[in-house]
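User: Please go through the model with me, one question at a time.
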2 protein chains.
Amino acid sequence: MTLTAEELARFDEEGYLFFPGCFSLEEAAVLKAHADQVYAMDREEVWREASGVARTAFAAHTYDEAHRRLGRHPRLIEPVMQLVDGPVYMHQYKINAKAAFDGEVWQWHQDYGTWKRDDGMPEPRAMNIAVFLDDVTAANGPLLFIPGSHKQGVLEAGHDLETTSYPLWTLDRDTVTHLAERGGCVAPTGPAGSMLMFSSLLVHASPPNISPLGRTIVYLSLCHVDNHIRRFKRAEWIAHRDFTAIEPLADDCLRDLVATRSAAA
Amino acid sequence: MTLTAEELARFDEEGYLFFPGCFSLEEAAVLKAHADQVYAMDREEVWREASGVARTAFAAHTYDEAHRRLGRHPRLIEPVMQLVDGPVYMHQYKINAKAAFDGEVWQWHQDYGTWKRDDGMPEPRAMNIAVFLDDVTAANGPLLFIPGSHKQGVLEAGHDLETTSYPLWTLDRDTVTHLAERGGCVAPTGPAGSMLMFSSLLVHASPPNISPLGRTIVYLSLCHVDNHIRRFKRAEWIAHRDFTAIEPLADDCLRDLVATRSAAA
C-alpha cells in the first residue's frame with residue numbers, strides 16, 4: 001500500500017486520511033473476537049471505566065496473536081513509513097472500547113502533546129492509526145477531528161486528571177473554537193475494518209457513547225526509530241521502550257486467522 | 001406538501017421521515033437569529049444548563065414572530081394532519097440548544113410516555129417535528145433514533161429527575177438494547193433547514209455536544225384536537241391548553257422575514 005501524491009497532499013492539508021473498508025469484515029471480526037478475549041483478562045494493561053467495563057487494553061500486540069499481526073500489518077506500517085520517511089517502531093498500541101451506554105468522553109487533545117511532555121519524544125515525527133473493529137456511526141461516539149489543526153505545532157494544554165479515568169493533556173475551549181472556525185469539525189464514520197491515519201499533532205476528541213451499540217477501535221502510535229522517546233516516566237506497556245524497527249508481515253497475515261477461526265466454528 | 005404512499009409506508013415501518021433541506025438556508029438563518037434573541041430573554045420559558053447557557057426555550061411561537069410562523073408552517077402542519085388524519089393543535093413548542101462543549105445528554109425516552117403520564121393525553125395520536133437551525137452532524141450531538149421502536153406502545157419508564165436539568169421519563173438499558181437489536185440505531189444528519197418528523201412513540205435520545213459547534217433544533221409536538229390533554233400538572237407554556245386547530249399559513253410565510261432581514265442588513 002503506497003500513498004498517492006493526491007493522498008499525500010490531502011494529508012498535508014487536513015492532517016488525516018480515511019480508508020473505509022481497509023480491512024475486510026472478516027479480518028475486523030477476528031480482531032474484535034481477540035479484543036474481547038483481551039478485555040476478559042485480568043491484567044494491569046486492561047483499564048476500566050468507573051462502571052467496571054473495559055475502556056482501554058494496552059500493548060495487546062505483545063500478548064495476543066491477532067493483534068501481534070495487526071501491529072506489523074503492511075497496510076498500516078508501510079504508509080506510515082512513507083509519511084515519516086523511514087523505519088518506525090511501536091510507541092503505543094491500545095484497544096479502546098467505547099462501551100454501549102458507558103463509554104466515556106475523551107477531551108480535546110493532541111497525542112504528541114502527551115508524548116513530548118510525558119515521554120520526551122523529540123519531534124512529532126510519529127503517526128496515529130485507528131482501525132475500527134465495530135461500525136463507527138454518528139450514534140456511537142465517533143472520533144472528532146479538527147482538520148488542519150496539525151499545522152499549529154504543540155498547543156498549550158492543561159493536565160486533566162479529573163474528567164475521566166485516563167490522565168490527558170487537554171486543550172482549552174477558546175483554542176478548540178478558534179481552530180474549528182478555520183478548519184471545521186468532522187467525524188469520519190464507516191464500517192468495521194475502516195482505517196484512519198492521523199498526525200500526532202491533529203487536535204481530536206470523542207464524545208461519550210450513549211447508544212446501545214459498542215464501539216471498539218485499535219490505535220497504533222508509530223514513531224520514526226530515530227525519534228524514540230527519551231524519558232521513561234510512564235509504564236513500558238503504555239509508552240514502549242523497544243525501539244526496534246517493525247518489519248511488515250505479508251498482506252494476508254490476518255487471513256490465516258480468519259481461515260482458522262472459520263474452520264473451528 | 002403531501003406525503004406519498006411510499007413515505008407513509010416508510011413512516012409506518014420506521015416511525016420517522018427525514019427531509020434534508022426542507023427549509024432553505026435563508027429561512028433557517030432567520031429562525032436561528034430569532035432563536036438567539038429568544039435565548040437572550042430573561043423569561044421563565046427559557047431553561048438553562050448547569051453552566052448557565054440556554055438549553056430550552058418553550059413556547060416561542062407565542063412571543064416571537066418567526067417562530068409564530070414556523071408553528072403554522074404548511075410544510076410541517078399539513079403532513080402531520082395527514083398522518084393523524086385531522087386537525088392538530090400545538091401541544092408543545094421548544095427550541096433546544098445543544099450548546100458547544102456544554103450541551104447535555106437527553107436520555108433514551110418516548111415523548112408520548114411523558115404526555116400520557118404527566119399530561120393525560122389519551123392516545124399517541126400526536127407527532128413530533130424537528131427543524132434543524134444549525135447543520136446537524138455526527139460531531140455535535142445528533143438525535144438518535146431506534147427505527148421501529150414506535151410499534152411497541154408505551155414502554156415502562158422511570159422518572160429521571162437527576163441526570164439533567166429537565167425531568168424525563170426514561171427507559172432502561174435492557175429495553176433500549178433489546179429494541180436496537182431489532183431496529184438498529186440511527187442518527188439522521190443534514191444541513192440547517194432539514195426536517196425530521198417522528199412518532200411520539202419512537203424511542204430516541206441525544207448525546208452531549210462536546211464539539212465547538214452549536215446545535216439548535218426546534219421541536220413541534222402536534223396533537224389531534226380530539227386527543228387534547230386532560231391533566232394540567234405542567235405549566236401551560238410547557239404543555240399547552242389552547243386546543244384550537246392550527247390553520248396553516250402560506251408556504252412563503254418565512255420568506256417575508258428573510259426579505260425584511262436582508263433589507264435591514
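User: Which residue with a positive phi follows H4(A)?
Analyst: Helices here are DSSP runs of H or I with at least four residues, strands runs of E with at least two, numbered from the N terminus. H4(A) covers residues 74-84 of chain A. The residue after the helix has a phi near 60°, and it is Asp85(A).

User: What should be kept in mind about numbering and confidence?
Analyst: Residues are numbered from 1 along each chain as its sequence is written, and chains are lettered from A in the order in which they are written. The model is predicted, so local features need pLDDT of at least 70, and side-chain atom pairs count only at pLDDT 80 or more, while totals for chains, interfaces and linings use all residues.

User: How much area do chain A and chain B bury between them?
Analyst: Buried area is the accessible area (1.4 Å probe) that two parts lose on being put together, summed over both. Carbon and sulfur atoms carry 76% of it, and the total is about 1,900 Å².

User: Which residue of chain B forms a salt bridge with Arg173(A)?
Analyst: A salt bridge needs a side-chain nitrogen of Lys or Arg within 4 Å of a carboxyl oxygen of Asp or Glu. Two are counted between chain A and chain B. For Arg173(A), the closest N and O atoms are 3.1 Å apart, and the partner is Asp102(B).

Terms used
Heavy atoms only, no water. Buried < 20%, exposed > 50% of the residue type's maximum accessible area, 1.4 Å probe, protein only.
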